[in-house]
Amino acid sequence: MYRGWSATNEFYFRNTSGFKGSDLPALFDHGFWLPLGKFVVPRKLELLSRWSRVVGTSGTLGFEDQSSDEIAGGLIWYFRDQNAKLTVDATRLNGAPINSSALDIAPGAIGWLVRTQIQFAF
C-alpha cells in the first residue's frame, strides 16, 4: 500500500511427471497474477484491476502448449472496514484454464464473466 494504491504479484511454476500406467508425458505450467487497486474514497471505495496468464501443457494433457489470459476491472465497497465488503467485477476470459460448474466456465472458454460477491468476516 502506498497513498491509496495497492499491488501484488505472484508467479508460479508446476511440473508433474512420472505418471504410472499411462502414456501421459510430463505436464509443465507457469503463470502469474497481477492485481492493482486504488482507493478513490479512502477506506470506503476501491477500484481494482487484475491480469493473469497461464501457459503450459496441463490443459492438453501434455501434448501441446496453450495459454489463457484473464483481464478484469471492478470496484470494492467496504461498508464495515475489512469486515464487510461488496465486490463487483467484469472479467474477459481468453481460454479459461479451469473447469467450474459454479461459475459456468469450461476449460478453454472465451468471453465475459460478471461477478458480484459479498464478504463478511467474524
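What we have is a predicted model, in which local features need pLDDT of at least 70, side-chain atom pairs count only at pLDDT 80 or more, and totals for chains, interfaces and linings use all residues. Residues are numbered from 1 along each chain as its sequence is written, and side-chain values use heavy atoms, with hydrogens and water left out.

Let me begin with the surface, where Val 40, Val 41, Leu 47, Leu 75, Trp 77 and Val 88 form a nonpolar patch with about 470 Å² of accessible area together. Such a patch takes residues with over 30% relative accessible area and no salt bridge, its nonpolar side chains (Val, Leu, Ile, Met, Phe, Trp, Tyr) being joined within 5 Å; a salt bridge is a side-chain nitrogen of Lys or Arg within 4 Å of a carboxyl oxygen of Asp or Glu, and areas come from the Shrake-Rupley method with a 1.4 Å probe. Strands β3 (27–41) and β5 (66–78) each supply at least two of the patch residues, strands being DSSP runs of E with at least two residues, numbered from the N terminus.

Turning to the largest pocket, about 630 Å³ of space lies in it, and of its 28 lining residues the closest to the centre are Glu 46, Leu 48, Ile 76, Tyr 78 and Lys 85. A pocket here is an open set of points on a 1 Å grid where a 1.4 Å probe fits, with protein on both sides within 12 Å along at least five of seven lines, and lining residues have an atom within 4 Å of a point. Strand β3 gives the largest share of this lining, 5 residues.

The second largest pocket has a volume of about 290 Å³, and Ser 52, Val 54, Glu 70, Pro 97 and Ile 98 are the closest to its centre among the 20 residues that line it.

Methods: Patch = residues over 30% accessible without salt bridge, like charges linked within 9 Å, V, L, I, M, F, W, Y side chains within 5 Å. Helix = DSSP H or I, 4+ residues; strand = E, 2+ residues; numbered from the N terminus. Points joined across faces, edges and corners; volume = space filled by probe spheres on them.
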